[in-house]
Structure formats: structure tokens, C-alpha cells
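Please open the model in your viewer and keep the selection tool at hand.

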Amino acid sequence: MGVEAAAVDAAYERLSGVVARTPLQPHQRASTRTGAEVWLKREDLQLVRSYKLRGAYNLLAQLDEEQRDRMVVCASAGNHAQGVAFACRELDLRAKIFIPRTTPRQKRARIALLGGDRVEIIVGGDTYDAAFAAACEQAERSGAVMVPAFDHPDIIAGQGTVAREIVEQLGRAPDAVVVPIGGGGLVAGITAWFAKHHPATRVIGVEPAGAASMAAAVAAGGPIELAELDGFVDGAAVRKAGTHTYGVLEEHPVELREVDPGVLCEEMLDLFDVDGVIAEPAGALAPAALRAEGVARQGETVIAVVSGGNHDVSRYAEVMERALVSRGVKHYFLVEFPQEPGALRRFLDQILGPDDDIALFEYVKRTNREFGPALVGLELGAPEDLAPLLARLEASPLTARKLSPDDPMFRFLV
């Protein structure tokens, strides 16, 4: 089954009065940097803090009486589950929702709050794909109605209503829309609608590096499973793109971009500190892509979809750490210190710059050795302070090795 713009328009009418008409806000920071007129489509302010409600409700509202009497089943990393939970409560349906163990507690609590006694949450597996397999098994065994997170025409059509809403709010078609990609439901729906109504609008899909399943599908000529999956962007960490979602992009190709997790963390902090926007990692993918050349072109009108705001505050420590490393101001070293009085003081006086700070120091004195290794984390005043620091280390009698982010040891630090 394909997805036509007419299905998106029908979903738009079906969702009227149910989903929030989320704000379209000017994004001054990105506009100043790029020379484009940049707007943020704030789906993080949707009733369930993500766009996922649109697709879930669109599918469930079309169930017939026989289907409504059956249990509803879905798998989700968190946001789709909230959409299903909300829709089930509104439509008086019962649901079993399967989520992976990696789903933040904040999202689990929201699912329970939104669904109330209409929803049972089942936790299992380390990835979305494991939860999806468990949900499929439950649906097959019990005859329950499966509500896919992205790979269903009704889900895609519901997510695509974001496109029509953007044009109505803006009063014209934008030159480009930047959209995050997990399984591809949102980008497929938006692409299908724009291809019919405003084909000149560029659609740019953004995936997290380490979980670019749609780019892999395009390269292979069809959806394939990723051999490895980086789960940091939990809302977009999908091992295999959808068949229906890929089909739309095969018919209407879009530009695909990847965002490094460190750059994504930089954008999450800037969204919070500068713009007052609390975005989860997947929600910040589109704004983060605006940092790359050619995404937002000078003089264009560009929309970036902030797809979700269900962020667990306990993750901000990791986000901060990744952002500092990405910005080039946080570095780690293994330093061989002579085991003698004054060694650390000489390091502080002779190696560190005036604006540098020690963020981590791990050292155990060994009385039977002349030298002892220390793990030292340094936070520099500015990225350009690294070269002088390395020069001072090279000129000193100390032996030091800078840890690369590719070093396996780095995984214990960031």
C-alpha cells in the first residue's frame, strides 16, 4: 500500500480537535548563523510531547467494531507508546505496550499517566527491535490489533499532517523542511504531502550517526538490518527502516544527512540554554542538522521539526560531557607521573594554562615504582588552548598520551 497526500489530508480532518496545533516559532539563533529564515515546528509541545500522537490516533480512530473489541498492541522506545496510550484512553480501547529496558523512566511514567487503566506496560529487551518482536508475538498469539510505530500507511498519513499544518501556519510553502528519521514515518508522511501539493519544497531527512537505517536502505535498494546500532538517540535508534516508509522515499527521494552524537549534544544544550527548548536527543536532530553546510541556505525559508521533548533530566550529565568533548574543550590524558613530592604541583604550574581546569584526576601511588599513571580529564578555556597545552606537555619530562574518542577506554568516560 502506498501513501497518498489525500490520506494525509483525510487524517488532518480526522485529527482536528484532538491533537494540538503546535507552534511554529522563529529560530533567531539558526537564522543569524545561516542567513536563512529558520522556523521551529514545536512538536515537543504536542499533547504527548511528540508528534507520535498523530499517527497513533489516526490508525486507532479507523478501527471497526470487531477490531475495537480486541486488545491493542504496540512496541515503542517511548514516544509512540505515549501516543497510543493517549489515543486508547480517548477512544476507550485497551492496550499492551512493549518498551525496551533502555526507555527512560520519565517516558515510562508518562505512558502510565496518559493511558491510565486502559494500558498495561511490558518492559523487555535492550532495543526497540526486541520490544517490537515481543509485541508481534503477542499480537499473533492473542489476535490483538498491532499498531506499528512507523511502518503503516495510516501511521504515516497521521504523521504527515505536520506538513499541512506548517504550510497553513506559515501562509506559504517553505523552501525546505528538515525532519528527523527513526523508522521514517514522519519523513515519509511529510514527503508524500509535499510531493503532491508543493513539490518544489526540499525535504531533508536527518538520522543519528550510528543508527542511519534509512541511509542504509537507500544504499542497499531496500530496508536492511544494521549490523551495529548506537542507541544514544533512543527515539531514533531503529535497526531497520520500514517497508512502507522506505517505499515513499524511493518514489520521492529526499536528501539524507547524519548528525554526530557530540554535535547533537551541543545543539541540545544550546536549545535549552539559549532558546529555552527542552528537546530529547531525537527531537534535536533536525535543529542540529542546521549546523551543517547546505542544509539551510541563505535567503531560504527553512522549517526544522523539533519532534519530541520527552527528555529524562538524569541524562543531561552525559549530554553535557559529550557536548564538551565535541566542542573541543574537554580532553582526557594518561600521564606518567614521577612518584616524588611536588610532581603534581609542577604539572599544575608548568602544563596547565590560566583558563584550564582539572575535571578528573585518578591516581593510586605505588611505593615500589618510580612512576605511576594518572587518568587526567582537562576542561580548557577554549578549543584553541589545546595546541599550546600539547606543546607544553611535549617539552616537559612527563610521558602523556591523549585519549582519542575512538579509544575503547573512552567509553568508560563519556
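Begin by selecting P261, G262, L264, C265, E266, E267, M268, L269, D270 and L271, which are the buried residues of helix 13; buried here means under 20% relative accessible area, with a 1.4 Å probe and protein chains only, and helices (H or I, at least four residues) and strands (E, at least two) are DSSP runs numbered from the N terminus. This is a predicted model, in which local features need pLDDT of at least 70 and side-chain atom pairs count only at pLDDT 80 or more, while totals for chains, interfaces and linings use all residues. Residues are numbered from 1 along each chain as its sequence is written, and side-chain values use heavy atoms, with hydrogens and water left out.

Because 10 of the 13 residues of helix 13 are buried, this helix is largely enclosed by the rest of the structure. Next, select D260, which caps the N-terminal end of helix 13 through a side-chain oxygen that lies 2.8 Å from the backbone nitrogen of G262.

Now move to helix 1 (residues 5-15) and helix 10 (residues 185-197), whose axes come within 8 Å and cross at roughly 110°; axes are lines fitted to C-alpha atoms, for helices over the stretch in contact, and angles run from 0 to 180 degrees between N-to-C directions. That makes helix 1 roughly perpendicular to helix 10, a term that covers angles of 65 to 115 degrees, whereas under 35 counts as roughly parallel, over 145 as roughly antiparallel and the rest as oblique. To display the contact, select A5, V8 and D9 of helix 1 together with G189, A192, W193, K196 and H197 of helix 10.

For a second pair, select helix 3 (residues 52-60) and helix 5 (residues 79-91), which pack at an angle of about 45° with their axes 8 Å apart, and helix 3 is therefore oblique to helix 5. On the helix 3 side, the contact is made by K52, L53, A56, Y57 and L60, while the residues of helix 5 that take part include N79, H80, G83 and V84.

Finish at Q138, which is found in helix 7 (residues 128-142). Is Q138 buried or exposed? At 10% relative accessibility, Q138 counts as buried, and, leaving aside its neighbours within four places in sequence, Q138 is in contact with V73, K96, F98 and G143.

Definitions and conventions
Buried < 20%, exposed > 50% of the residue type's maximum accessible area, 1.4 Å probe, protein only. Polar contact = N/O pair within 3.5 Å; in protein donor to acceptor, adjacent residues only side chain to side chain. Contact = heavy atoms within 4.5 Å.
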